[in-house]
Amino acid sequence: MRKIFFLSICYFAALICGSYTAAQNRKADSLLLLLKTDKEDTNKVNHLNKIGTEEAFTALYDEAIAHAEQALKLSEKLNFGEGKAEALNLLGLIIMSRGDYVEAVKYYQRSLVEAKKVKSISLEINASCNLAIVYYNQGNFPQSLTCLLS
């Protein structure tokens, strides 16, 4: 009886996870459709960053990096600081997910600098918290705390 109950729980958990992943894929697919009609403007940067985020959360890291790099390049061309900070933060997230903490720190620091330039508190907080997570994962607790308190 316990075995049947356990297997039932596992089955429903797999269904829920599969539904979540399918929903994520549909969202990324609809954003990709928008991307085809986007002009070279800030909307395209935002869509590229959103697609990259969706791909990162479904472990499509190579695709996520490609979209984040496109967003970074276009945001630099347009002088769109918020988009640049977002793309740098996304690249840091992907690199951190792959375990390259040293490189992730570089992206998060660049994101933080850009966020301060455009005076975006939410982007500053995001970059600072992500830096704190990297330092925490490296065992550098004082630096992690410094990032959280700054």
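**View 1. The lining of the largest pocket.** Leu112, Lys116, Ile121, Glu124, Ile125, Ser128, Cys129, Leu131, Cys147, Leu148 and Ser150 form the lining of the largest pocket in this predicted model. The space inside comes to about 170 Å³. A pocket is found on a 1 Å grid over the protein atoms alone, with a 1.4 Å probe: it is an open set of points with protein on both sides within 12 Å along at least five of seven lines, and lining residues have an atom within 4 Å of a point. Points are joined across faces, edges and corners, and the volume is the space filled by probe spheres set on them. Helix H5 (101–117), helix H6 (121–137) and helix H7 (141–149) each provide at least two lining residues. H6 gives the most, with 6 residues. By type, the lining holds 7 nonpolar, 2 polar and 2 charged residues. Here nonpolar covers Ala, Val, Leu, Ile, Met, Phe, Trp, Tyr, Cys and Pro; charged covers Asp, Glu, Lys and Arg; the others, Gly among them, are polar.

The model is predicted: local features need pLDDT of at least 70 and side-chain atom pairs count only at pLDDT 80 or more, while totals for chains, interfaces and linings use all residues. Residues are numbered from 1 along each chain as its sequence is written, and side-chain values use heavy atoms, with hydrogens and water left out.

**View 2. Cysteine 129 on the pocket lining.** Cysteine 129 sits in helix H6 and is one of the residues that line the largest pocket. Its relative accessible area is 32%, so it is partly exposed. The cut-offs are under 20% relative accessible area for buried and over 50% for exposed, with partly exposed in between (1.4 Å probe, protein chains only). Leucine 148 also belongs to the lining.

**View 3. The whole chain.** The protein has 7 helices and 0 strands. Its pattern along the sequence is α-α-α-α-α-α-α. These elements are DSSP runs, numbered from the N terminus: helices are H or I with at least four residues, strands E with at least two. Of the 150 residues, 38% count as buried. The accessible surface is about 9300 Å², and carbon and sulfur atoms own 60% of that. Areas come from the Shrake-Rupley method with a 1.4 Å probe; for residues, only the protein chains shown count as cover. Among contacts with a separation of 6 or more, 49% join residues 24 or more positions apart. A contact means heavy atoms within 4.5 Å.

**View 4. Helix H5 and its buried residues.** H5 has 17 residues, which at 1.5 Å a residue should span 24 Å; its end C-alpha atoms are 24 Å apart, so the two agree. The expected span is 1.5 Å times one less than the number of residues. Ala104, Val105, Tyr107, Tyr108, Ser111, Leu112, Glu114 and Ala115 are buried in H5. They pack against helix H4 (81–97) and H6. An α-helix has 3.6 residues a turn, so residues three or four places apart point the same way.

**View 5. Two positive phi angles in loops.** Asparagine 79 lies in the loop between helix H3 (61–78) and H4. Its phi is positive, about 55°, although it is not a glycine. With a relative accessible area of 70%, asparagine 79 is exposed. Lysine 119 lies in the loop between H5 and H6. Its phi is also positive, near 55°. Lysine 119 is exposed, at 71% relative accessibility. Most residues other than glycine have a negative phi.

View 6. Alanine 68 is in helix H3. At 0% relative accessibility, it is buried. Beyond residues up to four places away in sequence, alanine 68 touches Ala87, Leu90 and Leu91. Isoleucine 94 is 26 residues from alanine 68 in sequence and 9.5 Å away, C-alpha to C-alpha. Leucine 93 lies in helix H4. Neighbours within four places aside, leucine 93 is in contact with Ala56, Phe57 and Tyr108. Asparagine 130 is 37 residues from leucine 93 in sequence, yet their C-alpha atoms are 7.7 Å apart.

**View 7. Glycine 99 between H4 and H5.** Glycine 99 is in the loop that joins H4 and H5. It is partly exposed, at 44% relative accessibility. Asparagine 137 is 38 residues from glycine 99 in sequence and 9.7 Å away, C-alpha to C-alpha.
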